Amino acid sequence: MGGHESNGMPQIGSMNKKGQIITDPSELFFLSPRTQAFLTGSEVIKEAVKRASVDFSVAYPITPQSEASSLVGELYADGYVGDYMRGESEFAVMGQCAGGAFGGARVFTTTAGPGTLRAFENFPMWAGSRLPIEVVFTVRGVNSPLSIQPDTLEIAFMLETGMLLWHAEDAQDLFDFILKGYIVAEQPEVHLPIGVICDGFFVTHTKDMVLMTPENRVIPHYNPYASPVTCMDMESPPVRMMRDPFVMKSNYISYMTHASWQLEVRAAIERSRKHTIQLLDGLIEVENPDAEIMLISSGTAVSQSREAVRLFRDQGVKVGLVKIKTIRPFPAQEVREALKNAKHIFVPEFNVAGWMAKEIKSVIDRSERVVAGPHVAGGMTMPPEVIVEEIERSLALRGKKELIHG
Amino acid sequence: MNPYSVLRGPEGFLPPAAALAGNILPETGQGHIEGQIVSEEEAIEEAARKFVSAKVPTIFPGPLVLWGWNEKAIRTAEAVERLSVAGGINIIPMPDYRPKYPKIDPEAEINPNHPNLTIWHNKIDVCMFVGVHCHYANLSLKIIRGGTACFTMAFCAHAGHEDANLTVRDILPEKIDRVTEIVKKLKLNSKKF
């Protein structure tokens with residue numbers, strides 16, 4: 001609630017050192033002409049970061065994000081990223097990102113799978129410190145035996161870190177989410193770290209058509225003067241908060257302070273809704289909302305579900321689809337509304353745990369309508385035919401002999 | 001209409017964050033009173049009325065107003081001082097955010113980690129936060145609402161605060177002067193009775 005001014009901040013309409021024009025986000029996203037390109041997801045990450053006025057990026061190799069982080073290094077070499085370094089491990093990377101953000105920099109990094117879990121302690125620390133760092137998780141298997149293949153299990157670990165979590169379905173989402181993510185995450189009343197998630201290999205290593213904003217336009221720089229917490233300087237180094245933390249005191253009010261702090265982080269996630277709805281055109285997308293059979297998921301499971309909907313359509317069966325764009329904030333009200341008429345709800349997922357099905361069951365009534373599946377894991381693909389078979393098998397078990405035609 | 005009424009406390013063991021209860025922040029040109037969205041002018045008028053009717057009205061200026069780090073901070077501090085003088089309102093600063101152990105001096109300062117101590121000690125029944133970083137203001141507002149009967153008002157340079165009993169957003173020195181102007185009028189009128 002402080003009286004910040006943007007003294008010295010580069011203004012909209014001015015040029016950065018690479019000659020890119022600093023552009024109002026709404027104009028950049030919704031009015032600027034877009035050009036089509038055929039790129040891998042890793043290349044898309046590079047193109048988005050090129051337009052994101054990033055001050056600092058830290059890299060550490062782990063499949064399947066290594067190419068993307070190395071391409072960000074090329075951006076640094078070309079002068080598009082302020083500073084760039086390699087960390088000693090993922091844990092170190094996330095700590096170094098925190099240092100940059102504490103100092104008022106816009107920070108970008110990427111990681112995946114075991115790297116995410118190795119770095120894990122830092123994510124709730126980022127959220128509690130209100131650091132709007134952006135990290136792209138190119139999700140993959142995390143458990144032994146080792147797998148580098150696509151798997152969304154790691155998202156389950158991230159759910160209660162206090163971060164915003166957006167799940168890209170494809171390369172277009174990835175491009176837009178990286179840029180729009182900064183705009184939402186850096187709002188003074190939000191000011192939280194954001195994880196932009198894409199499914200490893202399925203998105204990072206495949207080529208897709210992407211409509212990109214002009215190369216010579218960038219989003220405005222991060223304004224650290226609008227932060228809800230103090231920036232790090234010699235007057236308020238973070239160590240002074242860490243050295244005398246209230247959590248080290250054993251009394252009722254210190255516990256309550258910590259509880260209130262946690263509530264404030266979750267409140268900040270809630271405040272992101274209105275900005276996100278505006279920029280992403282809603283937290284969900286719905287196809288065939290009046291269908292009795294609905295598929296609902298996030299990431300590339302949505303793409304596979306879209307194909308399953310098409311296969312059913314070819315058979316004359318109407319099946320609906322809900323695409324969830326943001327996992328945090330979770331679109332509880334939107335999901336309730338979208339599923340209110342559904343009799344059978346299927347949740348295809350690329351993980352063994354079925355965490356998305358649990359999320360959905362927790363926010364709707366008559367949760368017995370939900371079938372947690374089909375599931376694949378460990379890098380398996382999920383052909384649309386598998387989704388169709390799962391629906392047909394489940395409905396047969398439920399005693400629904402014929403699917404609804406027409 | 002926001003679903004949750006943000007009323008004067010004490011609200012209990014751990015009051016919820018109003019945003020988690022479904023309350024949304026006011027848009028530009030608006031404020032809120034006890035969680036309900038009103039026009040900015042209405043919120044400013046109510047802030048003045050609260051100050052005038054209080055037994056121990058107090059302003060808690062934070063670092064962004066206390067330190068003259070830019071021209072706006074200086075002008076805001078001057079406006080806060082004018083309000084304090086016009087309304088007979090105490091000023092107790094929140095100079096930084098570190099917990100003050102083993103014991104805070106509640107007559108000298110307020111701290112976001114245990115703001116209730118300052119409220120209780122000074123028997124403050126109406127307060128205004130201004131120039132406090134948003135995160136720490138929200139922390140304080142929740143704890144005050146939980147354990148005290150103080151009516152909290154947050155004058156914010158950004159989007160406002162759901163956890164205050166009253167908020168005005170996008171503040172400028174002129175908006176604080178508007179509170180002062182109404183306080184003066186109310187005090188003048190009350191003398192006629």
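Mentor: Before we look at helix packing, note that axes are lines fitted to C-alpha atoms, for helices over the stretch in contact, and that angles run from 0 to 180 degrees between N-to-C directions. This is a predicted model, in which local features need pLDDT of at least 70 and side-chain atom pairs count only at pLDDT 80 or more, while totals for chains, interfaces and linings use all residues. Residues are numbered from 1 along each chain as its sequence is written, and chains are lettered from A and ligands numbered from 1 in the order in which they are written.

Trainee: OK, at what angle do α11 and α14 of chain A pack?

Mentor: Helix α11 (residues 300-314) and helix α14 (residues 384-397) of chain A pack at about 65°, with their axes 8 Å apart; helices (H or I, at least four residues) and strands (E, at least two) are DSSP runs, numbered from the N terminus.

Trainee: And which residues make that contact?

Mentor: From α11(A) there are Gln304(A), Ser305(A), Glu307(A), Ala308(A), Leu311(A) and Phe312(A), and from α14(A) there are Pro384(A), Ile387(A) and Val388(A), where two residues are in contact if their C-beta atoms, placed from the backbone, lie within 7 Å.

Trainee: Switching topic, how is chain A divided?

Mentor: Chain A has domain 1 (21-226) and domain 2 (284-397), with bounds that come from an automatic or database domain assignment. Their centres, taken over C-alpha atoms, are separated by 27 Å.

Trainee: How many residues are in contact between those domains?

Mentor: In chain A, 21 residues of domain 1 are in contact with 20 residues of domain 2. On the domain 1 side, β7(A) gives the most, with four residues.

Trainee: What about the largest nonpolar core, which residues touch the most other members?

Mentor: Of its 110 residues, those are Val49(A), Ala52(A), Leu174(A), Ile178(A) and Leu192(A). Such a core is a set of buried Ala, Val, Leu, Ile, Met, Phe, Trp, Tyr and Cys residues joined through C-beta atoms within 7 Å, and buried means that 20 or more other C-beta atoms, placed from the backbone, lie within 10 Å of the residue's own. Helix α8 (residues 171-185) of chain A gives the most to this core, with ten residues, and the core draws at least three residues from each of domain 1 and domain 2 of chain A.

Trainee: Last one, how many residues of chain B are in contact with chain A?

Mentor: There are 39 residues of chain B in contact with 32 residues of chain A, and on the chain B side α5(B) gives the most, with eight residues.

Terms used
A residue is buried if 20 or more other C-beta atoms lie within 10 Å of its own, exposed if 12 or fewer, and partly exposed in between; C-beta atoms are placed from the backbone.
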